[in-house]
Amino acid sequence: MTQLPTADQMDAWWMPFTANRAFKSNPRFYTAADGMYMTMGDGRKVLDTNAGLWCCNAGHGRKEIADAVHAQLLEMDYGNPFSYGHPKGFELANRLVDEVAPKGLNRIFFTNSGSESVDTALKIARQYWRLKGQGTKTAFVARVKAYHGVNWGGVSLAGLTGNRKSFGQGLEADFLRHTWLAENAFSKGLPTQGAELADELTDIIAMRDASNIAAVIVEPVAGAGGVIVPPQGYLEKLRAICDQHNILLIFDEVIAAYGRTGAATMAGKVGVTPDMITTAKGLTNGAVPMGAVFCKQEIYDTFVNTGEMSAAPEFLHGYTYSAHPVACAAAMATLDIYKNEKLFERCNDIAPYWEAGLHSLKGLKGIKDIRNFGLLAGIDLPAGVAAKVAAKTLDKGVTVRPAGDTIVMSPPLIIEKDHIDTIVNVLQEVIPSVD
């Protein structure tokens, strides 16, 4: 068994999104992972309903990815991406265009995380309009309950108060309402009411003026905000309004992409193509940090294929680890798994059983709403209850994630019906027992 750190050995790590003193007084450790399960520090195996942190879409411990990473480390561990290239970076970019991105998004910029993907997309939007001679277009529109990572741009556009309140002034932004409506409670899949919420964007544009707005950014399905799904027609209306007013539309699909909704992207699932898509997480199955921004040809051309060829970079942005060869190897092995095991299609096949199991919980004491789409789900509970439910389900061998007053779940796409039965049975037992 893995040796766990002593109390003194836990002092050095300042842990992220963690109550550090509380954790270190009563620590919880993972020591191993395989398939649908995480192994706890005491040796217990617990069913992982969150695919790590929305990222291990093909399940844990995939040997194919480990082998690809090992081989790449021996071949070339690192290469400077500034004015140099390596074959796997180009190979992966082409595969993302061919296998993941919706038609029309055919240029890929590599990052190392969802947070970096978001900030990259925001910088692209700002410079794009300057290159177009419309440099006043600097503001952004995001949405209440949005999570766009933790870098400066993403924090500025966070629609979760706790993620932004401590850091002062950020980018100039306005916020649309979120898309949860009381009349849509217990909807299965995309609710039928609420597309008109997109019309609020026209009010913001009237107040701000389109000449000052660079882009609208939304999560097609809001993840950390509580798995809030868009009403039917809502994303289409956002696209139409942005087109009408010459504003870029960005989909933040760091959570939704790579099969989580039963398609390569949510954009492809609903047939709405934004100008950019931010991705990460499922790109490498969580094995190696990596992200990617998908861009339209016209955006790329505005930067690159304008005027005389120059030795100077067109976009003064990038990361030491952009298109890291080891991450590229992990991503391509991940794409192979998705393709060979038809995991995106499998999500569609098992999603109805997932939906039926979750909605069978309706009527249990305390449950205020249940939402689902693909292999995503949110269960709303009374104030202060979600964290207690998560603690008790962990004791019973199932790990779920509390996000505010919502239990959010996004299991690996390899989930079987018996796993779903276990999750539902544990929740059915635990939720009514917690006040």
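# Pockets, a buried sheet core and a cavity

The lining of the second largest pocket divides into 20 nonpolar, 9 polar and 2 charged residues. Here Ala, Val, Leu, Ile, Met, Phe, Trp, Tyr, Cys and Pro count as nonpolar, Asp, Glu, Lys and Arg as charged, and the others, Gly among them, as polar. The model is predicted, with local features needing pLDDT of at least 70 and side-chain atom pairs pLDDT 80 or more, while totals for chains, interfaces and linings use all residues. Residues are numbered from 1 along each chain as its sequence is written, and side-chain values use heavy atoms, without hydrogens or water.

Stay with this pocket. Its volume is about 1,200 Å³. Of its 31 lining residues, Pro81, Ile108, Phe109, Phe110 and Tyr300 are the closest to its centre. A pocket is an open set of points on a 1 Å grid over the protein atoms alone, where a 1.4 Å probe fits, with protein on both sides within 12 Å along at least five of seven lines; lining residues have an atom within 4 Å of a point. A volume is the space filled by probe spheres set on the points, which are joined across faces, edges and corners. Three elements each supply at least two lining residues: helix H4 (87–99), strand S4 (105–111) and helix H10 (297–304). Helices (H or I, at least four residues) and strands (E, at least two) are DSSP runs, numbered from the N terminus.

Now turn to strand S8, residues 248–252. All 5 of its 5 residues are buried, so the rest of the structure largely encloses S8. Buried means under 20% relative accessible area (1.4 Å probe, protein chains only). Both faces of S8 are covered. Leu248, Ile250 and Asp252 lie on one side, and Leu249 and Phe251 on the other.

What flanks S8? Strand S7 (residues 213–218) pairs with S8 in the parallel sense over 4 bridges; pairing takes at least two DSSP bridges between two strands. In these bridges, Ile217 partners Ile250 of S8, and Val218 stands opposite Phe251. S8 is also joined to strand S9 (residues 276–279) by 3 bridges, and these two run parallel. There Ile250 stands opposite Met276.

Step across to S7. Here 6 of the 6 residues are buried, so S7 too is largely enclosed by the rest of the structure. S7 also pairs in the parallel sense with strand S5 (residues 139–143), over 3 bridges. In that pairing, Ala139 stands opposite Ile213.

Next comes a single side chain. Asn57 lies in the loop between helix H2 (51–54) and helix H3 (63–75). At 0% relative accessibility, Asn57 counts as buried. A polar atom of the Asn57 side chain lies 2.8 Å from the backbone oxygen of Tyr258.

A search of the whole structure finds 1 cavity of 30 Å³ or more. In a cavity, the probe fits but cannot get out. The largest cavity has a volume of about 80 Å³. Its lining includes Thr179, Trp180, Leu181, Ile228, Val229, Asp369 and Arg371. By class, the cavity lining holds 6 nonpolar, 4 polar and 2 charged residues.

How values were computed
Buried < 20%, exposed > 50% of the residue type's maximum accessible area, 1.4 Å probe, protein only. Polar contact = N/O pair within 3.5 Å; in protein donor to acceptor, adjacent residues only side chain to side chain.
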